[in-house]
Amino acid sequence: MSDPLKDAPLHSGELKDELLALALEAARRAGELLRDGRPADLGVAATKSSPIDVVTDMDIASEKLITGFLSERRPEDGFLGEEGASAEGSSGVRWVIDPIDGTVNYLYGLPSWAVSIAAQKDGETVVGVVAAPMRGETSHAVLGGGAFLNNAPIRVRPAPPLSQALIGTGFGYVAERRAAQAAVLGSLLPRVRDIRRGGSAAIDLCDVACGRLDAYYERGLNPWDFAAGELIAREAGARTAGRPGEPASHELTVAGSPAVFEALQPLLEDLGAWHD
């Protein structure tokens, strides 16, 4: 039997509702696995860009759970996952998955980690879910439908002057990039209220969405790091982009209350936050 939603148009409410329900359930299941199944002797299973850019067995188990759950229900969809899940699919829907965003936090037993799941239709993100089990929080958004934290609507904080803005950021795992990011931070810090470094891009973007940060920026993110959180931030009223005139990307991702974004983005451009 053919899937009646396979060829649904981009703005089909029925399709988006289905994708949201699946993303919420997959994130809930993965979050419970990670919270309740974390072994006391959790160690590093592999490394990626450097010896401190780690993967644990729980990252792999979480991604396997998510992709298995989603493929059983929508076998024609594609996948892009941090830990290697990759499939083209034939439905026009692709799931972008970070099974643990904030793996180093998770490894150390810190609470700021999340499961991030986005659904894209024909290349556009239409659903985003970020579940942070140790916070007891799940944020979600549907394109054009607003943003929510534990099912309550959220909005960005009214924008202060940049000098009074609380800014989130993160750092890469390669020494040369970290040195360049530190230099940018050294120039930026005297111009803002303060800086926060939480260790999870997905949570930082959701914190912009609900007013806990005025803005956030980072170089070096991958699609699975920001796809869900960026949609949630935008649907909460944030502006999001990369370098001026460019979308959020590996080169640079910026999100913030509109007036803070307008002051921060050109400053980051001038400071060279987009290159090492």
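In this predicted model, strand 5 (residues 93-101) and strand 6 (residues 114-121) run antiparallel and are joined by seven bridges, with V96 having A118 as its bridge partner in strand 6. Both strands belong to an open sheet of eight strands, which is ordered 4-3-5-6-7-8-9-10 and has mixed pairing. At its edges are strand 4 (86-87) and strand 10 (152-153), each of which pairs on one side only.

Helix 1 lies across strand 5, strand 6, strand 7 (124-132) and strand 8 (137-142), and runs at about 25° to strand 7. Helix 6 (residues 223-235) also packs on the sheet, where it touches strand 3 (78-81), strand 5, strand 6, strand 7, strand 8 and strand 9 (147-149), while its direction makes about 100° with that of strand 7.

In soluble globular proteins, nonpolar side chains tend to be buried together. Here the largest nonpolar core has 66 residues, and L19, I66, L70, W95, I117, V127 and I232 are those with the most contacts inside it; helix 1 (residues 13-36) supplies the largest share of this core, nine residues. I117, leaving aside its neighbours within four places in sequence, is in contact with residues including A23, I66, W95, V127 and A228. A second, separate core of 19 residues includes A165, L188, I195 and F261.

Elsewhere in the chain, strand 13 (residues 215-218) sends A215 and Y217 one way and Y216 and E218 the other, all of them buried. Strand 13 pairs with strand 11 (residues 166-169) in the parallel sense over three bridges, I167 standing opposite A215, and with strand 15 (residues 253-256) in the antiparallel sense over four bridges, where Y216 stands opposite A255.

Note on methods. Residues numbered from 1 in each chain as written. Predicted model: local features only at pLDDT ≥ 70, side-chain atom pairs only at ≥ 80, totals over all residues. Heavy atoms only, no water. Buried < 20%, exposed > 50% of the residue type's maximum accessible area, 1.4 Å probe, protein only. Helix = DSSP H or I, 4+ residues; strand = E, 2+ residues; numbered from the N terminus. Pairing = 2+ DSSP bridges. Core = buried A, V, L, I, M, F, W, Y, C linked by side-chain atoms within 4.5 Å. Contact = heavy atoms within 4.5 Å. Axes fitted to C-alpha atoms, helices over the stretch in contact; angles between N-to-C directions.
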